[in-house]
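Let's go through some charged side-chain pairs by question and answer. Have the structure open as you read.

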Amino acid sequence: MRAWLVVMMVHLSDGRLAGDHVTYGTLFYAAILLALFLVGARYADAPVKPDSPSPSLTAPRLTALPGVALAGSALASVLLVLATSAAPAALHSRMAGAGYAGLPPFPLSPDGYVGPSEAARDRQPSLRGPAGEHKARYQGGSGTRPVDVYVAIFDPARHTGELTESDNRVFDQRIWRQVAGQSRSGLDEAVLRPALGAPLPDGVSRFVWSWYVVNGEATNSRLQAKLLELKGMLSGRQAQQALIAFSTTFESSVNEEHSARARRDLMQFGRTYCAAAPLPCPALLGNQPQ
């Protein structure tokens with residue numbers, strides 16, 4: 001009943017109340033809980049008669065719950081639920097007062113690379129409601145591939161989007177499709193091929209390496225990122241929530257030569273970039289500032 005009421009509330013308000021679904025859902029729960037108390041009282045067990053012949057062989061005596069005690073229990077339960085529903089609002093107010101860390105600058109021409117310059121247009125990730133985002137391209141020396149860097153930050157005090165939302169993608173699904181992927185020492189690797197009808201040359205593929213940054217720690221675990229978010233909310237510190245992605249292209253081939261070279265180029269760039277970047281990187285790339 002509670003779930004149905006929340007869904008209908010959001011539907012009938014055209015989504016305007018979606019951000020408050022936790023509070024309203026808890027209020028629905030409190031009303032339903034109170035109704036269950038009242039219905040349950042109507043069918044409470046009758047007291048056991050005191051003239052039982054053998055108390056040791058009978059069930060424990062039950063006494064009827066007085067109406068005042070029943071009302072007090074119901075009221076206490078409702079107040080407890082209401083207090084629980086107020087906790088998210090208090091946390092939201094605390095986060096809004098602390099603010100959030102803004103977009104950090106891109107490193108200027110890290111060792112051996114030229115940039116930042118305009119990034120490739122086909123590399124636009126698909127994220128819901130970031131508070132800010134920017135992207136750039138870095139070009140290395142002869143024989144190395146250009147690398148596109150994307151950084152998006154989120155403000156947990158807003159209801160526009162979340163860092164770890166399941167619908168977030170580090171690529172545009174209208175242009176790319178993921179054909180493979182794995183976790184590599186604190187970051188996620190996605191292998192992309194052009195989507196059907198995408199305006200891309202034949203035989204091109206992409207690697208994307210991505211990870212989360214929450215309050216000075218880098219991780220590719222969505223669960224750990226959520227726990228770090230909770231820790232930051234309870235501490236009342238200024239929130240730092242970001243998604244970082246590196247990407248480079250390589251030629252599709254039946255052998256692993258091109259993909260292996262692309263991985264090496266990403267690794268080389270990543271270690272150079274992370275040595276100068278203000279945001280932490282996974283241990284694989286060698287930068288974990290606090």
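Q: Is Asp-172 buried or exposed?
A: In this predicted model, Asp-172 has a relative accessible area of 10%. Buried means under 20%, so Asp-172 counts as buried.

Q: Which residue forms a salt bridge with Asp-172, and is that partner buried or exposed?
A: The closest N and O atoms of the pair are 2.9 Å apart, and the partner is Arg-174. Arg-174 has a relative accessible area of 68%. The cut-off for exposed is over 50%, so Arg-174 is exposed.

Q: How many residues apart in sequence are Asp-148 and Arg-137?
A: Their side chains meet in a salt bridge, 2.9 Å from N to O. Asp-148 belongs to strand S3 and Arg-137 to strand S2, so the pair ties together parts whose separation in sequence is 11 residues.

Q: How far apart in the chain are Arg-145 and Glu-251?
A: The two form a salt bridge, with their closest N and O atoms 3.4 Å apart. Arg-145 sits in the loop between S2 and S3, while Glu-251 is in strand S8; the pair links distant parts of the chain, 106 residues apart.

Q: What is the relative accessible area of Glu-251?
A: Its partner Arg-145 is buried, at 10% relative accessibility. Glu-251 is partly exposed, and its value is 40%.

Q: How many salt bridges does a search of the whole structure find?
A: Asp-172 with Arg-174 is a salt bridge. Arg-145 with Glu-251 is another. The search of the whole structure gives 11.

Technical notes. Residues are numbered from 1 along each chain as its sequence is written. This is a predicted model: local features need pLDDT of at least 70, side-chain atom pairs count only at pLDDT 80 or more; totals for chains, interfaces and linings use all residues. Side-chain values use heavy atoms; hydrogens and water are left out. A salt bridge is a side-chain nitrogen of Lys or Arg within 4 Å of a carboxyl oxygen of Asp or Glu. Helices (H or I, at least four residues) and strands (E, at least two) are DSSP runs, numbered from the N terminus. Buried means under 20% relative accessible area, exposed over 50%, partly exposed in between (1.4 Å probe, protein chains only).
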